[in-house]
Amino acid sequence: MNEVVGVFNKQDRYRRAGDRIKRFLGPQILPVSLSWMALASVLALTFFVLYMTFVPGLPIEPGLTLSHWALLSDSYLALEVIPNTLIVGVGTVLVTIFFAGPLAWLLNRTTLPFRNVFMAMIATVVVIPGFVKAMGWIILVNEKIGLINKGLAALLGLESIPINLNNPYGMAWVMGLALTPSMFFLISGPMRALDPTLEEAAGVSGVNRWWTFVRVSLPLVWPAILGGAIYNFMTAISIFEIPAMLGGASGRAPVLASELFYTVHPTTPDSAASEIPYGAAGVYGVLIAAPSLLALHFYHRILAKTHRYGVITGKGYRPRNVELGRYKYWGVAFVLFYLLLAVVLPILVIVWTSLLPYVQMPSIEALSKLNFANYDDLYTIMGGPKVIRNTILLMVTVPVLVLFFSFMTSWVVVRTRLRMRQTMDTIAMLPHAIPGLAFAFALFILGLVASRWLPWLPLRGTVMIIIIANSLNRLAYGTRITNAALLQVTPELEECARVCGASNVSVMWRIIAPLIKPSLIFAGLWTAMLTFREVSMALFLTETKNLVLAASVWMLWRDGDLSVASAAATVMVLITGVLMILTLVFAGGRLVESRDGAQERPPG
Amino acid sequence: MGNFTKSFLLAAVFILGSGVVGTYSWASPEGKKALADLIGQAKKEGVLDSAITSGIVKAQARLTSAFKKRFGLDNLEINLARGSMSPKFVKLHATLKSGGTPTFDALTGTGQEHMKMKEAGFSTPIANWKLLLAEINPLVGSGQVNPKDVSPSPFSGYSFLWSTRTRSFIYNTKLITPDELPKSVADLANPKFKGMFAVPPWTSMWEVATLVYDKEKWLKITDQTGRNAGAVLRYGAGMDRMLLGEFAFQPTNSYYYWQRKAKDPTVPLGQRWFTDFTPLTKVLHLVPKNVRHPAAATLWSLWMTTPEAQAIWQPTNSQANAIFGQSAVDKEARKSLKASGSKIITWYDSPATIQRFKWFGTDEGRAYRAELKKGLTQRRKKKKGKR
């Protein structure tokens, strides 16, 4: 009898505990629990990276030490690596804002011709591997061989122009051009959704267009710009491939990312060691994360004033384009100038290189050697059907996972008053603060442990581990987009729906998702593209069966055949360029249509 | 029996004997049985996970198909990874140290990597390796090549030679003549070569040079070499920048020269051996401990030493086997090296050289290596005004 009573008491206790959780979380139990699935993984990996800095050897071996932190007292780090990293981070952000701000306005808020084509071309920038861009710029700007240096020297009657890109400023320039699309897409959604009635009100009050932009439009997209700046700063200091090409690999212009990469990814057999210096890798990871977390703090201060940025309301949401008139030619020239620097020149360089038996400067002699020999057997060289299958799986799965978990997390962060929401947003941003390579390294060790204790778990050596690494790594980007998009939809729409009896899921799926669809499409596309070209995590996690295209092209370059690597890169650009154009024509056409349709419809 | 008859008989016995020894000296029924057992086991395993260098990916399909055909392993699933081997060995160490199962059943790498694997007890000794080699590699089976050349000391029975890498000067013939080139590695310290070449970010060649030069003297030479270097670049990137005209020459992997010439005979490149020493790296296959498919891995490691495999992969990357290879590329490499008179050095020539290699793993050796790296790449020196 007592046992029966005990069972009932136990069940009662469970029920009461469940009720307490329900009361605490209210209707948000679904988004909270789903978002914590991803966030808990992020936290676990972050703690693992931190833990790595305190263990003497392999992270699964016993013992603790502080010796790895002695790295901080190294003058090399303080005098060269950290200052260089900061120059690269800040410089990159400045370059991206310089290009992306005007581009986003021109392509989203004006009647500039060929907007969809330009957007597709900007998106193509992403798929050109960073090392190819760097190689292109080495050929363009170099004291001895640079085409621009030679041209300028001839023009000015000088022997040479002593400008090189093998320094942190050069890295910032190339990286800034490469990351402009990420800033562009981050602010495009909010820019599109700006309510013109506010601008019209300013116009009616006698404020000119410039001041309207500065005092009305700019503050409304400020969270997106700040989010983009922070995002790009974090990206810039954790990308290794461009710094590696421009002096990072040599140690002459070292940055934290290249130091981290070459710590965990030795380039040659080290006669002194057979193990990765795990602790040092962790310290580099933490050092990269520290400034990013600081930047994140400022971002949260802006986010705290969210109510100022709501522009999509239930009352007369009518985005409208600005007529540029005769200034449209200047607009087109600006877009073309950016595309020339970021797309045309690097693509020309890779196409040129891919058609030659060996890399050489443009000349009559070189022209006579152009052929397609590097494209022979390219399918096999790139890895055949297995690599294509892995890449497609990666590009499809990662955006779906990222968008799903980002939306859930943003819902909690932006739409609830739960005390944990800011903590959750900070955790969502962590993957961007912690370099992907450190996460990949932590996942590798977890895979190692899993292969020993849970051999049935398909983790190590599978595409799954690369999918997990990319999904967690892109969560920061996904939540920036979904945060910004949700911020612009005022809660009154969903309040109306709830009054009418709609469930939480119904509100999310039938009201909010359609409203922020443009942002979601951009986020999905962008995530797919970033995942497609991501190389450091894929390289580290690649074993026998999970090679993906970007890692394959990088290996070709790394092993010394630039011509074949360029042919592979050209094919990569072609495939994704076509895919991107098709998607944008499909999705972009609908977006433009719906926006114009909204203009024609009477408000409300 | 007259003298003539005796001589005739002796000659006949010698000729027949040498023929028998030459052709079948290592082949035996035991070897045949060992091979049959191994093949049977590989069939049961059904899978082989290994890796090849990116340079030979063009030959991947033909290699796997020829391998299957050679041993009748039609249903064997072969997964070959590619890319740099050093990170794979580092991960392999981590895996085995933690008691895990390696993802690669067989792996190719340099002698240095194999030494560390063997020292750590992570390499698998191959049972009956001499008998198996005689069955699988016709050069060994016919007695032309001693099994000890294929599986050299100090990793006899554990690792099997696939190819060799040597370093030499490769130069842009449009920018420099052979007479203007430095003669030796030590000559790179001469200020007249300032800015004319790039050095790699690793010090392997400068480490092995301590077998020839006094350590302290070599440290100074390396430091001056670093000051003269126009850039620090990986070998491949250095070759590209040299072809673009930024640098006149490179101390680099010799096979790049043959590789580029094979692709375009008109490429403006020349090659010359160092006069002070030629570092030679042996590249071998091994089967790590605890692998899932040891029989298939053993067959793969041994078969990759054969002329059959070499005829498939060598045209794609021109890497020679300067020790026992019989192809035109191998013979040309040996002939050219011999003609240069350069002293070939490796880490595993003698107990003394092995001792020096191990010394680099001690605290003192690590500190010395760090100094070499600082000198070569000139890290940390710029701010202190030493440049």
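Among contacts in chain A between residues at least 6 apart in sequence, 79% join residues at least 24 apart, a contact being a pair of residues whose C-beta atoms, placed from the backbone, lie within 7 Å. This is a predicted model, in which local features need pLDDT of at least 70 and side-chain atom pairs count only at pLDDT 80 or more, while totals for chains, interfaces and linings use all residues. Residues are numbered from 1 along each chain as its sequence is written, and chains are lettered from A and ligands numbered from 1 in the order in which they are written.

Chain A contains 25 helices and zero strands; helices (H or I, at least four residues) and strands (E, at least two) are DSSP runs, numbered from the N terminus. Of the 604 residues in chain A, 52% are buried. Here a residue is buried if 20 or more other C-beta atoms lie within 10 Å of its own, exposed if 12 or fewer, and partly exposed in between, with C-beta atoms placed from the backbone.

Nine of its nine residues are buried, so S9(B) is largely enclosed by the rest of the structure. Both faces are covered, with Thr278(B), Leu280(B), Lys282(B), Leu284(B) and Leu286(B) on one side and Pro279(B), Thr281(B), Val283(B) and His285(B) on the other. Strands count as paired if DSSP finds at least two bridges between them. S9(B) runs antiparallel to strand S3 (residues 107–110) of chain B, to which four bridges join it, and Leu284(B) is the bridge partner of Gly109(B). Seven bridges join S4(B) to S9(B), again in the antiparallel sense, with Arg165(B) partnered by Thr281(B). The pairing with strand S10 (residues 344–345) of chain B is parallel, over two bridges, and Thr278(B) has Ile344(B) as its bridge partner.

Most residues other than glycine have a negative phi, and most peptide bonds are trans. Phe114(A) has a positive phi of about 60 degrees and is found in the loop between helix H3 (75–109) and helix H4 (115–127) of chain A. With 13 C-beta neighbours inside 10 Å, Phe114(A) counts as partly exposed. In chain B, helix H14 is followed by Ser318(B), whose phi is positive, near 60 degrees. Ser318(B) has 20 C-beta neighbours inside 10 Å and counts as buried. Within H14(B), buried residues include Ile312(B) and Trp313(B), and the cover over the buried residues of this helix includes helix H12 (255–263) and helix H13 (294–303) of chain B. A cis peptide bond, with omega about 10 degrees, joins Ser153(B) and Pro154(B); Pro154(B) lies in the loop between helix H8 (147–150) and strand S4 (159–172) of chain B.

Finally, where the chains meet, 63 residues of chain B are in contact with 47 residues of chain A. Helix H4 (residues 86–97) of chain B gives the largest share of the chain B side, seven residues.

Terms used. Two residues are in contact if their C-beta atoms, placed from the backbone, lie within 7 Å.
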